[in-house]
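Colleague: Please take a close look at one part of this model for me. I would like to hear about the pockets and what lines them.

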Amino acid sequence: MDEFSTILGVVIAPALYELALTHRSFAYENGGLAHNERLEFLGDSILGQAVTVMLYTENPTLDEGELAKRRASLVSSVALAEVARSIGLGAHIRLGRGEELTGGRDKSSILADTVEAIIGATYIDLGGEAATALVLRLIRPLLEDPNRFGASMDPKTSLQELAARLRRGLPVYQVVDSGPDHSKRFHATVFLGSDSIAEGSGSSKKHAEMAAALQAWTLLQSASQ
């Protein structure tokens, strides 16, 4: 925990760390323990606000549409999973046996959700200023990628164009939702033909599809080079 606290740059109560790192699969397999989804819900809101304020204040010449596209790119499950992998978060998540056996430690949706839960836990223990600072510290490296706002700005169109160029056909999206009406989460899977290419999650159907499309574009682009 001390090592991981150093990586994150925050030290919060051990019980909150444990809760933030507890996936529901672990909780259900161990007698219905508390899990991190409430912290994830809180962290998602803090993440969105922090990124929105940062983009607004640092980009005075961008219009609302451009700002919205950049925000969607930075808070997508693909981006958050990238952040999680960069800090080795997967090794610390408490997972159930089923998720462990199916590669849950590297699933973008689980990694992204856990990042949000850690943000929420930081807010609960240390307050809004510390939580915002954590968000910006985690997100800043993404801004240094010169290609971040290329395909990320319109991932569905970029994926469609790349798939056509590779003769893979049109992308098809399947979306399912979960949770209560006031805090639904959406999970999208993108297919090319009968092949499941990538997945993504978000607070709306649109955001989930964009996250899945961006991950699929990234995978196809890497494979074609």
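Modeller: The second largest pocket has a volume of about 410 Å³. A pocket here is an open set of points on a 1 Å grid over the protein atoms alone, where a 1.4 Å probe fits, with protein on both sides within 12 Å along at least five of seven lines. Points are joined across faces, edges and corners, and the volume is the space filled by probe spheres set on them. This is a predicted model: local features need pLDDT of at least 70, side-chain atom pairs count only at pLDDT 80 or more, and totals for chains, interfaces and linings use all residues. Residues are numbered from 1 along each chain as its sequence is written, and side-chain values use heavy atoms, with hydrogens and water left out.

The lining of this second largest pocket has 23 residues, each with an atom within 4 Å of a point. Nearest its centre lie Arg-71, Ala-72, Val-75, Ser-203 and His-207. Two or more lining residues come from each of α4, α5 (64-75), α6 (77-86), α8, β3 (195-202) and α11 (205-224). Helices (H or I, at least four residues) and strands (E, at least two) are DSSP runs, numbered from the N terminus. α5 gives the largest share, five residues. By class, eight are nonpolar, eight polar and seven charged. Asp, Glu, Lys and Arg count as charged; Ala, Val, Leu, Ile, Met, Phe, Trp, Tyr, Cys and Pro as nonpolar; the others, Gly among them, as polar.

Now the largest pocket. It holds about 800 Å³ of space. Its lining has 29 residues, with Arg-24, Glu-37, Glu-40, Ser-178 and Arg-185 nearest the centre. Here α4 supplies the largest share, six residues.
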